[in-house]
Amino acid sequence: MATAETFYDVIRRQGITRRSFTKFCSVTAASLGLGPAAATAMAEALETKERVPVIWMHGLECTCCSESFIRSANPLVKDVVLSMISLDYDDTIMAAAGHRAEAILEETKEKYKGKYILAVEGNPPLKEDGMFCIDGGRPFVEKLKWMAEDAMAVIAWGTCASWGCVQSAKPNPTQATPIDKVVLDKPIIKVPGCPPTAEVMTGVVTFITTFGKLPDVDRQGRPKMFYSQRIHDKCYRRPHFDAGQFVEEWDDDGARKGHCLYKMGCKGPTTYNVCSIMRWNGGVSFPIQSGHGCIGCSEDGFWDNGTFYDRLTTIHQFGIEANADKVGMAAAGVVGGAIAAHAAVTAVKRVTIKREKADS
Amino acid sequence: MSIHETPAAADAHGEKAVQRQSVYVYEAPVRIWHWVNAFAILTLALTGYFIGSPLPSAPGEASANFLMGYIRFIHFAAGQVLVVFLILRVYWAFVGNTHARQIFYVPFWSVHFWKEWLHEVLWYTFLARQPTKYVGHNPLARSTMFLLFTLPLSFMVSTGFALYSEGAGRDSWEYALFGWMFSIWPNSQDIHSHHHLGMWVVLVFTMVHIYVAVRDDIMSRQSIISSMISGVQLFKDGEG
């Protein structure tokens, strides 16, 4: 591993032309919303700065983040970023294995103390001292904490690492815990989604490795540039929502005409992601475009909010299948009954008191 | 506060007029707020319900319809009206008379308050024979107002603006002021659910509020409903 190697050196060695490199910088700058000047800055940074090593670790996960990542729309993005990463450590896709692979971690931790990026896919289970996820012969939670000690920053890939996802859904038998609840002393950037969009992932990595700092994040720790707008607000079916035209059943006329999927439980109105702008598989489509509502996969606890097909959230606290309206109507019914009973007793009492008064 | 005693004058037939004490309780700003607030809540609950469970789909082109848009606009407008008047109401709690302050806090540490509160509970559970006379809210009414109205309304305003900020954007003042809601519930779906439940809390409050107002108007010893129109509370007998 050459220490003074730049990104530019790496990609030139891989046979990528300067022309392609410039194009990559322009595309990435645009997708980050940074404007034309940033493309030049990015090119310069990639040419001159020592490349930032990225260590990619896997906890409890399904590898859908990696799958998404290697299907990045712009093949160059994938090649550049992936080659940078595979040079260091990613136990799923790197060539090295066993002790040789683990030695890379030690080496990076020592050599790039406080300079490398730790990208985590999946999350650690904490129950039974983390025995539910063993990685390289020890609990993943230990390995994660150990590698995070000397990292510059931590990227939490996907909903697993950001929020917990399916393995932390109730009752969460292994106590799977999101990264920010385990690594407390490092800046953490959350890139939720199950999986996150490929362009978002490459965009975040490129931003951090290029500029050496984390992009601006919102209150939940997600990069603002990708997660400040709802699916709903950029959805091409939005005019049908405003018009009050909904799909009422899966095979009705509205479904054929592409009306709004709000009534079918679309979580677009509560989901922050770029799907309705960037779409998937190189801009081919996204769930709503193929006629199915958004399931809100980039949101906290999306597995625990009832079915994907109800507009009103299922409320489990009441022990039965209920939603806000059912709970509210039941409460109003009980109170209404109580009021009627109280009024009846009041009337009886009033009559008896009047009689007593009349008698005396 | 002054209590005007009406002299018990006898008419030509020697019949005495009923003796009433009257106290000016609810000042004009409080009364105006009460009714604007009531209509705003009614509008918000209705439109809010139809935002959660929209009406059947409108036929025709999307460009020719704007039903959901109008419903949401009315909801947002009513919400803004409610908040403007709520701000005026809070201002009046500082500059108005003591009754204007009642619903904003409960004298939690006052033993005397809870003693009277208990008496009111007994009166409402038919265990006490005679209600105590109160100018303004009785202690039970006051604690209920605070718990079932002031707190839920504040919650509705906070969640409402947080939800509005979703559309208004991360740079909006709504997000700056109420974005902290998303720190409590990172998934805004939960805020939607709680905002929806809040509507039912306010509705249950309204039911109790109207029932008790009507009942007290008949049963207790002071006027209730007319006081929120004229501001004057009348007392039906001279006894303490």
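Modeller: I start with chain B, where the C-alpha centres of domain 1 and domain 2 lie 17 Å apart. The model is a predicted one, in which local features need pLDDT of at least 70 and side-chain atom pairs count only at pLDDT 80 or more, while totals for chains, interfaces and linings use all residues. Residues are numbered from 1 along each chain as its sequence is written, and chains are lettered from A and ligands numbered from 1 in the order in which they are written.

In chain B, domain 1 covers 28-55 + 62-96 and domain 2 covers 109-240, bounds that come from an automatic or database domain assignment. Eleven residues of domain 1 of chain B and ten residues of domain 2 of chain B make up the contact, which counts two residues if their C-beta atoms, placed from the backbone, lie within 7 Å. On the side of domain 1 of chain B that touches domain 2 of chain B, the elements giving two or more residues are α1 (28-52) and α2 (67-95) of chain B; helices are DSSP runs of H or I with at least four residues, strands are runs of E with at least two, and both are numbered from the N terminus. The largest share of that side, seven residues, comes from α1(B). By class, that side of domain 1 of chain B holds six nonpolar, four polar and one charged residues, where Ala, Val, Leu, Ile, Met, Phe, Trp, Tyr, Cys and Pro count as nonpolar, Asp, Glu, Lys and Arg as charged, and the others, Gly among them, as polar.

Elsewhere in chain B, the axes of helix α3 (residues 111-124) and helix α4 (residues 139-168) come within 7 Å and cross at roughly 95°; such axes are lines fitted to C-alpha atoms over the stretch in contact, with angles running from 0 to 180 degrees between N-to-C directions. From α3(B) the contact takes Phe113(B), Glu116(B), Trp117(B), Glu120(B), Val121(B) and Tyr124(B), and from α4(B) it takes Pro139(B), Leu140(B) and Ser143(B). These residues divide into six nonpolar, one polar and two charged.

As for the surroundings of chain B, 36 of its residues are in contact with 44 residues of chain A. On the side of chain A that touches chain B, α11 (238-243) and α14 (324-359) of chain A each supply at least two residues, and α14(A) gives the most, with 13 residues. That side of chain A has 15 nonpolar, 15 polar and 14 charged residues.

Chain A also has an open sheet of five strands, in the order β2-β1-β3-β6-β7, with parallel pairing; two strands pair if DSSP finds at least two bridges between them. Strand β3 (residues 117-121) of chain A pairs in the parallel sense with strand β6 (residues 153-157) of chain A over five bridges, and Ile117(A) has Ala153(A) as its bridge partner in β6(A).
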